[in-house]
Amino acid sequence: MGRSVSDVGEPKESDIASHTSSHRQSDNVKAVHKVGLPTRKKLGTEFKETVKETFFHDDPLRPFKGQSKGKKVLLGFQAVFPILEWGRRYNFSKFRGILSLDLPLLDIGYAKLANLEPHYGLYTSFVPPLIYAAMGSSSEIAIGPVAVVSLLLGTLLRDEIDPDKHPTEYRRLAFTATFFAGIGLRDRVLIHAAIVGFMAGAAVTIALQQLKGLLGIGKFTKKTDIVRVMQSVWGAVHHGWNWQTILIGLSCLAFLLVAKYIGKRNKRLFWVPAIAPLLTVILSTFFVYITRADKKGVAIVNHIRKGVNPSSADKIYWTGSYTQTGFKIEVLQEAVAIGRTFAAMRDYHLDGNKEMLALGTMNIIGSLTSCYIATGSFSRSAVNFMTGCQTAVSNIIMSLVVVLTLEVITPLFKYTPNAVLAAIIINAVLGLIDFEAVVKLWKVDTFDFLACMGAFFGVIFVSVEIGLLIAVAISFAKILLQVTRPRTALLGNLPGTNIYRNVEQYPEATKVPGVMVVRVDSAIYFSNSNYVKDRILRWLIDEQEKLEENKLPKINFVIVEMSPVINIDTSGIHALEDLYKSLQKKGIQLALANPGEQVVAKLHAADFIEHIGQDKIFLTVKDAVAAFGGKPVPSV
């Protein structure tokens, strides 16, 4: 006889046992629970709920309910422009923290990674942060160019156009790629392990690229793999290295690393590493100016174009082959993940949809104002977090500082040695190498560790594009593996209880004579339905062989525990039908335990339950075993 669920939830087996016992004591009548068949929803209602859960799982329209039309309009504007909400409550008591004064310097260096002139890095730290300040919802994210995206963009664009031979076309393609990146912006699709490996590989690659400026090498390879870079470095050891440059670069790098160490050891001194880059630039620039080291082979920044962003709307490739190229170029976006990290630390909600809209809009507008791709920087955002930023005003301040730099300060950078910029970038990207995460991956998940190493070695030994491709491939491979090869488990009874658990995890669990209990730990779809059926049959063969060896009764009943099966499609139902037919030929009965709401509804609609019998559907494994008259015995 079948047993069932109530519509309010999935009760625990212990609760059911207690509930049944109380009924027996009070009514002296055996309680009967049938698996509940949910009320079928109208197609329109079901479609609406599915769309809402898929795209708007956090119910963004909730604040609009019960509001007047005027209030709804205001809430609509605030949803798109959060600055209208927090701006009304802003006061100078929230004006806390300091600005990381190395920002314009990093922007200059990052522009070089993207094979663009230095001022384009400054442009990218002016317009996009202002757009994000108006539309973004994170209090900590610092917007601007970042090392990994700059390197990746520069590498991908250089495969299409040589920036040295065709600088104008190269810039146009950069703006085009930025525009389409804004349109097609989406949250990351890479698993965490692949991102850890890719970021570490990119950090090593960026650091190696800076050896050109750090050692004063004039002629340097355009390749990014470690073999070519080291060949270029050692090939110039006798005639390309400049000892004055090396002295300046290594001294500045050592100072920056010591400052970072001080900041890590004492959280109250976080301002030391924040201000250290500015000090290195001031001191090194002054040293080069008074010694005229630039005349002794020390490469300097020289001229940086003054003035704010000019329009680049007419520079974008709207038609032609380069339009397709710009559309195809993908970049790694971590801004949403960064924002969620700091939001979790401060216990507030970050709306992913709003963030993607803000990031996309700022890149679209940025592409029209001579900017290349901007995103969130973890290191800069960490400074905002440490200084207690409570709103996006930090991005506005940063933009104002960049404007001041573009209009007034750029001439002061003339004698800044390139070695200092190289040292600042190396110091910044070293934070992208997360050794603790790699160790944890090794301990927790071998597949994730291999994914991490695959992405890492792909970047440093081949190229950034190949490393990213490996990261994406491994991420999708893991998803496909989990979807197409779900785990199944053989269950046994924990002595003294009504609970059935995996016999591999609980060796003390005992099996039931003549009964095999199997749990499927996934939804059953077309991608895995045949595997699930074949795996259950293989469990059956293995168990039958063990029973024959120990001269125990053969299996007459197979119970499939379906609590983890959250959904099933027609292919899955067809696989269950095939399983039922295969078991029938062997003289074995099939039963299902605790199918969920969607599953039982579809099984009813497909007439599968009527096919195997209503009395073969049970609320719990305990009920199914009891119906078949089985009692647990020690495992064989």
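I began with the sheet: it is open, has 6 strands in the order S4-S3-S5-S6-S7-S8, and its pairing is mixed. For my own record, strands (E, at least two residues) and helices (H or I, at least four) are DSSP runs numbered from the N terminus, and two strands pair if DSSP finds at least two bridges between them. At the edges I found strand S4 (500-502) and strand S8 (617-618), each pairing on one side only.

I then followed S8 to strand S7 (residues 589-593): the two run parallel and are joined by 2 bridges. Ala593 has Phe618 in S8 as its bridge partner.

A note on the source: this is a predicted model, where local features need pLDDT of at least 70, side-chain atom pairs count only at pLDDT 80 or more, and totals for chains, interfaces and linings use all residues. Residues are numbered from 1 along each chain as its sequence is written, and side-chain values use heavy atoms, with hydrogens and water left out.

Next I checked cysteines. How many disulfides does the structure hold? I counted 0 (a disulfide being a pair of cysteine sulfur atoms within 2.5 Å).

Residues 419-442 are 79% helix and 0% strand, with end C-alpha atoms 36 Å apart. For residues 449-477 I noted 93% helix, 0% strand and end C-alpha atoms 14 Å apart.
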